[in-house]
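Hi,

Here's the structure I promised to pass on. Have a look first, and my notes on the side-chain pairing follow below.

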Amino acid sequence: MFSRLLLIVALTLPMGACLTAVEQAREIEAGDDAACRDAGTKPGTPAYAKCREDMSNRRNMSQMAARIGMQNQMWSLQGR
């Protein structure tokens with residue numbers, strides 16, 4: 001499931017410059033919904049809610065890791 005999330009993120013990143021924030025949110029929503037349904041959970045169940053929460057947490061962690069990586073690159077370039 002994690003590889004599917006990475007694929008979704010990789011495919012949506014290039015489109016990020018072309019989409020509004022609302023459109024991006026809809027794309028993320030649709031991707032998360034599809035991934036959780038593919039995992040066999042059904043909307044309205046605790047398992048589906050947990051799946052959606054996990055997807056959101058993974059995305060947030062990935063975004064944080066990307067920000068930290070960019071900060072580290074900036075700091076390393078400033079140190080030269």
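The side chains of Arg59 and Asp32 make a polar contact of 2.7 Å (a pair of N or O atoms within 3.5 Å; within protein, one must be able to donate a hydrogen and the other to accept it, and residues adjacent in sequence count only if both atoms are side-chain atoms). Bear in mind that this is a predicted model, with local features needing pLDDT of at least 70 and side-chain atom pairs pLDDT 80 or more, while totals for chains, interfaces and linings use all residues. Numbering runs from 1 along each chain as its sequence is written, and side-chain values use heavy atoms, leaving out hydrogens and water.

The Arg59 and Asp32 side chains also form a salt bridge, 2.7 Å from N to O (a side-chain nitrogen of Lys or Arg within 4 Å of a carboxyl oxygen of Asp or Glu). Arg59 lies in helix 3 and Asp32 in helix 2, so the pair ties together parts 27 residues apart in sequence (helices are DSSP runs of H or I, at least four residues, numbered from the N terminus). Both Arg59 and Asp32 are buried (under 20% relative accessible area; exposed is over 50%, partly exposed in between, with a 1.4 Å probe and protein chains only).

The whole structure has four salt bridges. Among them is Arg52 with Glu29, at 3.0 Å from N to O. Arg52 is in helix 3 and Glu29 in helix 2 (residues 21-38), so this pair links parts 23 residues apart in sequence. Arg52 is buried at 17%, whereas Glu29 is partly exposed at 44%.

Cheers

Conventions
Helix = DSSP H or I, 4+ residues; strand = E, 2+ residues; numbered from the N terminus.
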